[in-house]
Amino acid sequence: MKYTGLDDASLVDDAPTRERVATTILEHGPSTAADLAQWLHLTPAAVRRHLDQLLADGVLMTREQRVVGQRGRGRPAKVFVITDAGRDHFKHAYDELAAGALRYLKETGGDDAVMAFARHRLSEAEDRYRPLLASAKPEDRVQVLAHALSQDGYAASVGSTPAGTQMCQNHCPVAHVAEEFPQMCEAETEMFARLLGTHVQRLATIAHGDGVCTTHLPLTTAERLPS
């Protein structure tokens, strides 16, 4: 990932560290400056300098941190997230070619044909993931799935909330295509449900403008994953 349009020599010299900052946000999702300083072993001042430049370049934007459960006193912390322009620096799956092919498929076969393609596209991945989950302990299956997704470029992670388990995908190689064709997200959600053997809820998607794709497993369901 390379940033252009930086004439100042010191900014060019700092480019590898800025890339690390942006990549860390991509991998972890919305992040505070304090978190980034800890993860990257940088001083808060150094992190903020890189964040300021990434904001100026349009690679990042800020928003208030989402709070799960009871909110404490004071304003929520500010978090940094990757913008659509920032995601363009990372790998995408030939967006224009794919979108053109899907438009033609929709014109000739309708929405059902697009959905059939979306399901077919994921069938190979599902076949690879299934043995991994089958050999894992029930309580480890979401984490195993997240790791497999990360290997395929989705930068996935797992967290817990009072309501259940959430799997987050901090990158989507087909996000721009999925903006126009939500069947891509729907087919993926169906795949997760089949692999985990349980109902799942898609709370957010990058394709719809969220900073991360979030899949929720309600607590009472997650505790009963099949053995």
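The legends below describe close-up views of a predicted model.

**View 1. Packing of helix α3 against helix α4.** Helix α3 covers residues 33-40 and helix α4 covers residues 44-56. Their axes lie 9 Å apart and form an angle of about 115°. Angles of 65 to 115 degrees count as roughly perpendicular, and α3 and α4 are therefore roughly perpendicular to each other. The crossing of the two helices, α3 and α4, is right-handed.

**View 2. Residues in the contact of α3 with α4.** From α3, the residues in the contact are Ala33, Leu36 and Ala37. They meet Pro44, Val47, Arg48 and Leu51 of α4. By class, the residues of this contact comprise six nonpolar, no polar and one charged.

**View 3. Salt bridge between Glu124 and Arg128.** The structure holds eight salt bridges, and one of them joins Glu124 to Arg128. The closest N and O atoms of Glu124 and Arg128 are 2.6 Å apart. Both residues belong to helix α6, which spans residues 95-134. Because Glu124 and Arg128 are four residues apart in this helix, about one helical turn separates them. Glu124 is partly exposed, at a relative accessible area of 45%. Arg128 is likewise partly exposed, at 37%. A network of salt bridges links Glu124 and Arg128 with Asp152.

**View 4. Salt bridge between Glu126 and Arg130.** The side chains of Glu126 and Arg130 form a salt bridge with an N to O distance of 2.5 Å. This pair also lies in helix α6, where a spacing of four residues places Glu126 and Arg130 about one helical turn apart. Glu126 has a relative accessibility of 9% and so counts as buried, the cut-off for buried being under 20%. Arg130, at 38% relative accessibility, counts as partly exposed.

**View 5. Salt bridge between Arg194 and Glu126.** Glu126 also forms a salt bridge with Arg194, and the closest N and O atoms of this pair are 2.8 Å apart. The pair links distant parts of the chain, with Arg194 in helix α9 (residues 183-196) and Glu126 in helix α6. Arg194 and Glu126 are 68 residues apart. Arg194 counts as partly exposed, with a relative accessibility of 40%, whereas Glu126 counts as buried.

Technical notes. Residues numbered from 1 in each chain as written. Predicted model: local features only at pLDDT ≥ 70, side-chain atom pairs only at ≥ 80, totals over all residues. Heavy atoms only, no water. Axes fitted to C-alpha atoms, helices over the stretch in contact; angles between N-to-C directions. Parallel < 35°, antiparallel > 145°, perpendicular 65-115°, else oblique. Left-handed = near helix turned anticlockwise from the far one by under 90°. Contact = heavy atoms within 4.5 Å. Nonpolar A, V, L, I, M, F, W, Y, C, P; charged D, E, K, R; others polar. Salt bridge = Lys/Arg side-chain N within 4 Å of Asp/Glu carboxyl O. Buried < 20%, exposed > 50% of the residue type's maximum accessible area, 1.4 Å probe, protein only.
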